[in-house]
Amino acid sequence: ARPIIAIVGRPNVGKSTIFNRMIGDRLAIVEDRPGVTRDRLYGIGEWLDKEYSVIDTGGIELDGDNEILRSMRVQAELAIEEADVIVFMVDAKAGITPADEEVAQLLFRSNKPVVLAVNKVDNFKRQDEIYEFYSLGFGDPIPISGSHGIGIGDLLEACAVHF
Ligand code: GDP
Ligand code: MG
């Protein structure tokens, strides 16, 4: 079976953008589930001749008021359940937010490997913006840029260690 990478993070960090970078032009499938407006987006990617599946867990939207936190919890639970590797995505422009800390708490409880990806590092001058993310406790943050396609290979390499 293909190893499964799940992308987890608060809304707007760039999960869907990176998901699309990771699957190239491979088709993604939307799956519905009771109580969930839009479930997971699955895609298939390939890196160094090895295929992997990737899940954009950010597709999960629960109905109701102020459901962002609960949605993130459901995302993290699904990722922890299904993934071989979890990509925890944060945003270099925003820095660490309370919602990121919530996600970190949820991921700490899993015994799945977590790769910390710092998105929106759009140019080399921004490299030093990754350092604050060490404090999340998931080791070396990997700088990436979804909009510029930077660091995707490094991210996949870090994931592939756990395949
Ligand atoms: P999601 O909610 O985590 O799935 O985030 P999206 O992929 O929808 O992206 C949220 C916003 O961030 C969009 O406006 C994207 O265009 C923008 N974005 C995504 N990746 C990057 C990036 O690498 N750099 C910058 N500057 N913006 C980005
Ligand atoms: Mg999204």
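This is a predicted model: local features need pLDDT of at least 70, side-chain atom pairs count only at pLDDT 80 or more; totals for chains, interfaces and linings use all residues.

Trainee: How do you know which residues surround ligand 1?

Mentor: The test is a C-beta atom within 6 Å of the molecule. Here 15 residues surround ligand 1, and the closest are Gly-14, Lys-15, Ser-16, Thr-17 and Gly-146. Helix H1 (residues 15-23) gives the largest share of that shell, three residues.

Trainee: What makes strand E6 largely enclosed by the rest of the structure?

Mentor: A residue is buried if 20 or more other C-beta atoms lie within 10 Å of its own. Six of the six residues of E6 (residues 114-119) are buried, so the strand is largely enclosed.

Trainee: Which residues of E6 point one way and which the other?

Mentor: Val-114, Leu-116 and Val-118 go one way, while Val-115, Ala-117 and Asn-119 go the other, and all are buried. In a regular strand, side chains alternate between the two faces of the sheet.

Trainee: How do you know that E5 and E6 pair?

Mentor: Pairing takes at least two bridges. Six bridges join E5 (residues 85-91) to E6, and the two run parallel. Ile-86 stands opposite Val-114 in E6.

Trainee: And how many bridges pair E6 with E7?

Mentor: Two, again in the parallel sense, with E7 being residues 142-143. That meets the cut-off of at least two. There, Val-118 stands opposite Pro-143 in E7.

How values were computed. Residues are numbered from 1 along each chain as its sequence is written. Chains are lettered from A and ligands numbered from 1 in the order in which they are written. A residue is buried if 20 or more other C-beta atoms lie within 10 Å of its own, exposed if 12 or fewer, and partly exposed in between; C-beta atoms are placed from the backbone. Helices (H or I, at least four residues) and strands (E, at least two) are DSSP runs, numbered from the N terminus.
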